[in-house]
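Here is a short briefing on one protein model. Look at the sequence and the 3D view first, then read on.

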Amino acid sequence: LLLVEDEVKLARLVGKALEKERYAVDIVHDGDEGLAMARSEPYDALIIDRMLPGKTGTEIIKSLRQEGVSTPALLLTALGTTEDKTYGLDMGADDYIEKPFSVNILLRRV
């Protein structure tokens, strides 16, 4: 799995929870590196914060979809209006989880 999250503590917490469930997880903290990583490996799933330094989560997903990459992508975000969710899904996200969230819910969705 690829986790792109700029909040280091949250990334560490989510990464450890995923590893406990026996997922291999790569973690990066900015959008530009996240896009480069997503292009470099055939990940089983992407977990991407929407608001990142560099490219945003929606820009990453949109770019990947335009390149034909269909890896499942889940957006994590503090933006929770209907318009925000619709926009994220329209950009190619497969799921959308609002912060704060339950790690157990994230694990089930992955």
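Predicted model: local features only at pLDDT ≥ 70, side-chain atom pairs only at ≥ 80, totals over all residues.

Residues are numbered from 1 along each chain as its sequence is written, and side-chain values use heavy atoms, with hydrogens and water left out. Helices (H or I, at least four residues) and strands (E, at least two) are DSSP runs, numbered from the N terminus.

- Strand S3 spans residues 46–49, and both of its faces are covered.
- Leu46 and Ile48 are buried on one side, Ile47 and Asp49 on the other. Buried means under 20% relative accessible area, exposed over 50%, and partly exposed in between (1.4 Å probe, protein chains only).
- S3 pairs with strand S1 (residues 2–4) in the parallel sense, over three bridges. Two strands pair if DSSP finds at least two bridges between them.
- Leu3 stands opposite Ile47 of S3.
- S3 also pairs with strand S4 (residues 73–77), in the parallel sense and over four bridges.
- S3, helix H3 (residues 57–66) and S4 form a right-handed β-α-β unit. Right-handed means that, with the strands pointing away from the viewer, the path from the first strand over the helix to the second runs clockwise.

**Ala73**

- Ala73 lies in strand S4 and is the bridge partner of Leu46.
- Ala73 has a relative accessible area of 2%, so it is buried.
- Setting aside residues up to four places away in sequence, Ala73 touches Leu46, Ile61, Arg65, Ala93, Asp94 and Asp95. Contact means heavy atoms within 4.5 Å.

**Asp84**

- Asp84 sits in helix H4 (residues 82–90).
- Asp84 counts as buried because its relative accessibility is 18%.

**Helix H2**

- In helix H2 (residues 31–40), Gly31, Gly34, Leu35 and Ala38 are buried.
- Seen down the axis of H2, these buried residues fall within an arc of 100°, so they line one face of the helix. The arc is that of the directions from the helix axis to the C-beta atoms.
- The buried residues of H2 pack against S1, strand S2 (26–28), S3 and H3.
- Asp30 caps the N-terminal end of H2, with a side-chain oxygen 3.0 Å from the backbone nitrogen of Asp32.

Definitions and conventions:
Polar contact = N/O pair within 3.5 Å; in protein donor to acceptor, adjacent residues only side chain to side chain.
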